[in-house]
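Please read the points below with the structure open beside you. They take up the charged pairs, a loop residue, a helix pair and a surface patch in turn.

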Amino acid sequence: MKFYVAAKLSDADKAQELMAEIRLAGHEITHDWTVHIREWAILMKRGDQVKKVLHKQACGRKDMEGVLAADALVWLYNPDSRGAFVELGLA
């Protein structure tokens, strides 16, 4: 089964733990958005505004592709994240 795990940015560690458990159970994660957090942090330090915007757009596209490729959406932790409603609506 294919899963997309949605969570608030501040819950990325918890999302990574859940994705690891899902993988151990033999399932697939369609897109691990937590990987992009490290990339974003590097761009924030460099202060390159154009690259930050392009990176954010690319991440959004990958998030949408991940949701569409999933058999199930795992909604976890804090549903008060504005961005997560985009993923829920798309699902």
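1. K14 and D11 form a salt bridge, with 3.9 Å between the closest N and O atoms; the term is used for a side-chain nitrogen of Lys or Arg within 4 Å of a carboxyl oxygen of Asp or Glu. K14 counts as partly exposed at 39% relative accessibility, whereas D11 counts as buried at 8%; here buried means under 20% relative accessible area, exposed over 50%, and partly exposed in between (1.4 Å probe, protein chains only).

2. This is a predicted model, in which local features need pLDDT of at least 70 and side-chain atom pairs count only at pLDDT 80 or more, while totals for chains, interfaces and linings use all residues. Residues are numbered from 1 along each chain as its sequence is written, and side-chain values use heavy atoms, with hydrogens and water left out.

3. How many salt bridges does the count come to? The count comes to two, and one of them joins the side chains of R23 and D32, at 3.7 Å from N to O. R23 is partly exposed, with 40% relative accessibility, and D32 is buried, with a relative accessible area of 19%.

4. Is H31 buried or exposed? H31 is buried, at a relative accessible area of 10%, and its place is the loop between β2 (28–29) and α2; helices (H or I, at least four residues) and strands (E, at least two) are DSSP runs, numbered from the N terminus. Apart from neighbours within four places in sequence, H31 is in contact (heavy atoms within 4.5 Å) with Y4, H36, C59, K62, D63 and G66.

5. Helix α2 (residues 35–46) packs with α3 at an angle of about 170°, the axes being 10 Å apart; the axes are lines fitted to C-alpha atoms over the stretch in contact, and angles run from 0 to 180 degrees between N-to-C directions. The two helices α2 and α3 are therefore roughly antiparallel to each other, a label given to angles over 145 degrees. The contact involves H36, E39, W40, L43 and M44 of α2, together with K51, K52, H55, K56, C59 and K62 of α3.

6. L68, in helix α3 (residues 49–69), is exposed, with a relative accessible area of 60%. Together with M64 and L90, L68 makes a nonpolar surface patch of about 270 Å²; such a patch joins nonpolar side chains (Val, Leu, Ile, Met, Phe, Trp, Tyr) within 5 Å, from residues with over 30% relative accessible area and no salt bridge.

Note on methods
Patches are made of residues with over 30% relative accessible area and no salt bridge: like charges are joined within 9 Å, nonpolar side chains (Val, Leu, Ile, Met, Phe, Trp, Tyr) within 5 Å. Accessible areas come from the Shrake-Rupley method with a 1.4 Å probe; for residues, only the protein chains shown count as cover. Angles under 35 degrees count as roughly parallel, over 145 as roughly antiparallel, 65 to 115 as roughly perpendicular and the rest as oblique.
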